[in-house]
Amino acid sequence: MNLALWLHRAARLHPENPALVSGFETLADYSAFDRAAAGLGAALANEHGIRPGDRVAIFAKNCVQYLVAMYGAWYAGAAIVPVNAKLHPREAAWIVENSGAVCLFYTREPGSGLLKLPEMEAVSAIDLAGEAFGALCDHAPLAEPVEQAAADMCWLFYTSGTTGRPKGVMITHGNIQAMALTYFADVDSVHAGDAALYAAPISHGAGLYNVMHVLKAARHVVPASGGFDPAEIFDHGRRTGSVHLFAAPTMVRRLVDHARASGETGEGIRTIVYGGGPMYLADIVEAVEVLGPRFVQIYGQGESPMCITALSREQVNDRGHPRWRERLASVGVAQSCVELRIGDADGKALPPGASGEILVRGAPVMAGYWNNPEASAQTLRDGWLWTGDLGELDEDGFLTLKDRSKDVIISGGTNIYPREVEEALLTHAKVHEVSVIGRPDAEWGETVFAFVVPAVGVDLDAGELDRHCLDAIARFKRPKDYRFVAELPKNNYGKVLKTELRRMLEDNGVNG
Ligand code: AMP
């Protein structure tokens, strides 16, 4: 089934529901949204020769036209290639070329640099803010979306590995339908009056979350800043109301800091789904204290988008269960449509309490990597997705992540999970942020090294943190050294770049 059918049906049932909202201004109701997408779909087919299975790239900042372009491409049976707007034009051009996209939608920033590159000569480029885009949407519309099977690709998402070129993850209409329906079962409900607020990039998982809101004919709101601004988000809570947003843990941290400083309570924000990186126990406890029961956690990856485990609102708020702390530090339990296993090196299931690689099987798991059979065969084995994440299940099925396999520190032959050390350091009142990595060491193989961002205006020294760790974790897990920094290097989704921290250590020689 073509996902665009959800838009088509929503428009027939709720034509007058507000659909596309820019800042505080409604630009289209569901009837107009569907009409524009169906027109664009027809124009892509008739004027740009797009056939089912073709790829259409989008290299754009968050804007409401992004959603029109996405559904227009789906109407025509094409898959979209969402390109991270923060990429260098050369990186973006590589993705456009690798995907074989024949058409590109862009916004001036960041697209202009890309258009000058020779690789782009054969690609038709359409400015989402230009008149030509409006004219395409006004084309005589397709009566219905082109037929698509569950196995047909709709979203070719490039994931940046730690080495080499990014790989195109082939996500199908069936994958996204499974993700969306499971969302209703495990994460949250959506109602027509709700508003999906796009504070994180639409080119990533946060953008995929539009489909549940289309299905329920809810509003899609792109904040005027086009991105993440805590004051603006609280403002939308109050003025737009019934807001739903996806936020990476660093965004949650910034919302909480802003709320503490400004007295904001989160009024009008219905749900904040967090995920995409580790949320520390101390941070989520504080977030619930300050902003209330608005949080749900998901764990997923590009290869099983937004859909591996979930920690429900009730579980996030539970302070009564004897093991609520462990549960809150976990990523929750398997989402309804996936099987989850901790695998040994051969993929055999390990018992509760044992650490191993997280394997996932089920409807949301990707079809494979685009034109990359070796990588596909390495990652999809015997029907299981090998996530590259390490974790541990408890007796009740709660999954705790133990870092990605490459992040584990092996010191004197013992595995140390940076996350545990980070959790311990974060319970110190003077620590604002922290990231722990392994430093090469001739004697131990690696030793534990902590980068610490102290809270504003405090004096903090390594001795104080060492004493704190002695009270909280095994001696051998304590950082051997610390470096105090003003901020941690992060990518544009707010994930700490451990590779960059390792490079900072190398640049400073063995003494850090
Ligand atoms: P990406 O494919 O870019 O979305 O990155 C996915 C990776 O982010 C996963 O494989 C995990 O390592 C990490 N991740 C995603 N969600 C969570 C979460 N809730 N807690 C901790 N790490 C997460």
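This is a predicted model: local features need pLDDT of at least 70, side-chain atom pairs count only at pLDDT 80 or more; totals for chains, interfaces and linings use all residues.
Residues are numbered from 1 along each chain as its sequence is written, and side-chain values use heavy atoms, with hydrogens and water left out.

View 1. The largest cavity has a volume of about 50 Å³. On a 1 Å grid over the protein atoms alone, a cavity is a set of points where a 1.4 Å probe fits but cannot get out; a pocket is an open set with protein on both sides within 12 Å along at least five of seven lines; lining residues have an atom within 4 Å of a point. Grid points are joined across faces, edges and corners, and a volume is the space filled by probe spheres set on the points. The cavity is lined by A196, L197, Y198, A206, Y209, H213, H244, L245 and F246. Strand 9 (195-197) and strand 11 (243-247) are the elements that give two or more residues to this lining, and strand 11 supplies the largest share, three residues. Helices (H or I, at least four residues) and strands (E, at least two) are DSSP runs, numbered from the N terminus. The lining divides into seven nonpolar, two polar and no charged residues. Here Ala, Val, Leu, Ile, Met, Phe, Trp, Tyr, Cys and Pro count as nonpolar, Asp, Glu, Lys and Arg as charged, and the others, Gly among them, as polar.

**View 2. The second largest pocket.** This pocket has a volume of about 420 Å³. Of its 19 lining residues, R325, E326, A329, T400 and K402 are the closest to its centre. Helix 14 (324-329), strand 20 (384-393), strand 21 (399-404) and helix 16 (418-426) each supply at least two lining residues; helix 14 gives the most, with four. The lining comprises seven nonpolar, two polar and 10 charged residues.

**View 3. Strand 13 and its partners.** Six of the seven residues of strand 13 (residues 295-301) are buried (under 20% relative accessible area; exposed is over 50%, partly exposed in between; 1.4 Å probe, protein chains only). Strand 13 runs parallel to strand 12 (residues 269-274), joined by three bridges, and Q297 is the bridge partner of Y274. Four bridges join strand 13 to the antiparallel strand 14 (residues 304-311), where A310 is the partner of I298. Two strands pair if DSSP finds at least two bridges between them. Strands 13 and 14 form a hairpin with two residues between them.

View 4. I298, Q301, G302, D389 and R404 come nearest among the 16 residues around the ligand (a heavy atom within 4 Å). A polar side-chain atom of Q297 lies 3.0 Å from a ligand nitrogen atom.

View 5. Eight of the 11 residues of strand 24 (residues 431-441) are buried. Strand 24 is joined by 10 bridges to strand 25 (residues 445-454), and the two run antiparallel. R439 stands opposite T447 in strand 25. Three residues lie between the two strands of this hairpin.

Key. A polar contact is a pair of N or O atoms within 3.5 Å; within protein, one must be able to donate a hydrogen and the other to accept it, and residues adjacent in sequence count only if both atoms are side-chain atoms.
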